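Please go through the model shown here with me, one question at a time.

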Amino acid sequence: MAKKSKVIDNRIQSSAHVIGAAKTHAEQVAERLAARAVSVQGAHTKATKEVFLVLLAYLTDTLGASAASLDEAEHRVLAERADDVGLREERDAAASDLVRSAVRIKSMVSDALGPEGLRSYGLEGDTPRAPRELVSHVQSVSKLMKKKPFLVTVEGVTFDSAAMAQTLDKKAETLDKALVTMQREEQELADEIGRREQQVLAWIEDHQGIADTLVGLFRLAGRKDLSERVRPTSRALTGEEVTPPVGTTSEDPSSGPVLG
């Protein structure tokens, strides 16, 4: 099965690390924010620790849902690509089988009718190898054989254009069906890729908005170290790098809460 896109996987990891930072330090950050609210609005402020915990939970849940949706979209793309492998093998096998038959029948026509026969039935030149061109070529040869049938015996060997046309029709039909199926699957893959790209855009909006919000909350709580760790860089948003995980340190040695 195809591997998950690196830039998609990096984005999902970045969200996981941002979520981990917020959840790990939620109690401390909420307590510090509530303390600041008291200092600014007084003891009766509605911005309590519980309110900030609810806000942090909302932010992490929203980012988690966005990352999960992106992961699901990527897995749908991978599933479509996996489906295509077997169908592509069937198409290639049908094409190879038809090429062999077309080349063999070309040789038989040459043995039966000579160069003039090759010209009469459109068999001059190389037999096409591209599947769609091959089907078109074989169908044209078959039509000519039905229009101008021949039954020739050369040195005890009988060459029957009707049997040749039947063989070509049957194998061309097999390849044509494989091509139609492959085309449908390719369109389904393109559709899934399009939906994944829409989800990427949605994730970028969610991740940047939530990470930026956490940057502000962490700074207000005196955790500038955390704010710098979860800050959404352009490379993290494009999936070129992963936002680093944040440890479990409960205090920022360089700063304390901003109380106003």
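Q: In which loop is Glu 155 found?
A: This is a predicted model, in which local features need pLDDT of at least 70, side-chain atom pairs count only at pLDDT 80 or more, and totals for chains, interfaces and linings use all residues. Residues are numbered from 1 along each chain as its sequence is written, and side-chain values use heavy atoms, with hydrogens and water left out. Helices (H or I, at least four residues) and strands (E, at least two) are DSSP runs numbered from the N terminus. On that numbering, Glu 155 is found in the loop between strand S1 (151-154) and strand S2 (157-160).

Q: Is Glu 155 buried or exposed, and what is its phi?
A: Buried means under 20% relative accessible area, exposed over 50%, and partly exposed in between, with a 1.4 Å probe and protein chains only. Because its relative accessibility is 81%, Glu 155 counts as exposed. Most residues other than glycine have a negative phi. Glu 155 is not a glycine, yet its phi is positive, at about 50 degrees.

Q: What pattern of helices and strands does the chain follow along the sequence?
A: The chain has eight helices and two strands. Read along the sequence, these elements follow the pattern α-α-α-α-α-β-β-α-α-α.

Q: What is the radius of gyration of the chain?
A: The radius is taken over C-alpha atoms, and the globule rule used for reference is 2.2 Å times the number of residues to the power 0.38. For a compact globule of 260 residues the radius would be near 18 Å. The C-alpha trace of the chain spans about 110 × 30 × 20 Å along its principal axes, and the radius of gyration of the chain is 34 Å.

Q: What share of the contacts in the chain with a separation of 6 or more is between residues 24 or more positions apart?
A: A contact here means heavy atoms within 4.5 Å. Among the contacts with a separation of 6 or more, the share that joins residues 24 or more positions apart is 74%.

Q: Is Ser 142 buried or exposed, and why?
A: Ser 142 has its place in helix H5 (residues 131-147). Because its relative accessible area is 0%, Ser 142 counts as buried.

Q: With which side chain does the side chain of Ser 142 make a polar contact?
A: A polar contact is a pair of N or O atoms within 3.5 Å; within protein, one must be able to donate a hydrogen and the other to accept it, and residues adjacent in sequence count only if both atoms are side-chain atoms. Not counting residues up to four places away in sequence, Ser 142 touches Ala 165 and Asp 169. The polar contact, at 2.7 Å, is made with the side chain of Asp 169.

Q: Which side chain is joined to that of Thr 45 by a polar contact?
A: Thr 45 is in the loop between helix H2 (26-41) and helix H3 (49-113), and it counts as buried because its relative accessibility is 11%. Leaving aside neighbours within four places in sequence, Thr 45 is in contact with Ala 37 and Val 38. The polar contact of 2.4 Å joins the side chain of Thr 45 to that of Gln 41.

Q: Which residues does Ala 95 touch, not counting those up to four places away in sequence?
A: Ala 95 lies in helix H3, and it is buried because its relative accessible area is 8%. The C-alpha atoms of Ala 95 and Val 141, 46 residues apart along the chain, are separated by 16 Å. The residues that Ala 95 touches, with that sequence limit, are Pro 131, Leu 134 and Leu 175.

Q: How far apart in space are Pro 244 and Ser 14, C-alpha to C-alpha?
A: Pro 244 lies in the segment after helix H8 (234-238), and it counts as partly exposed because its relative accessibility is 38%. Leaving aside neighbours within four places in sequence, Pro 244 is in contact with His 17 and Arg 229. Pro 244 and Ser 14 are 230 residues apart in sequence, and their C-alpha distance is 7.2 Å.

Q: What is the C-alpha distance between Ala 16 and Thr 60?
A: Ala 16 is found in helix H1 (residues 6-24), and it is partly exposed because its relative accessible area is 44%. Ala 16 and Thr 60 are 44 residues apart in sequence, and in space their C-alpha distance is 9.1 Å.
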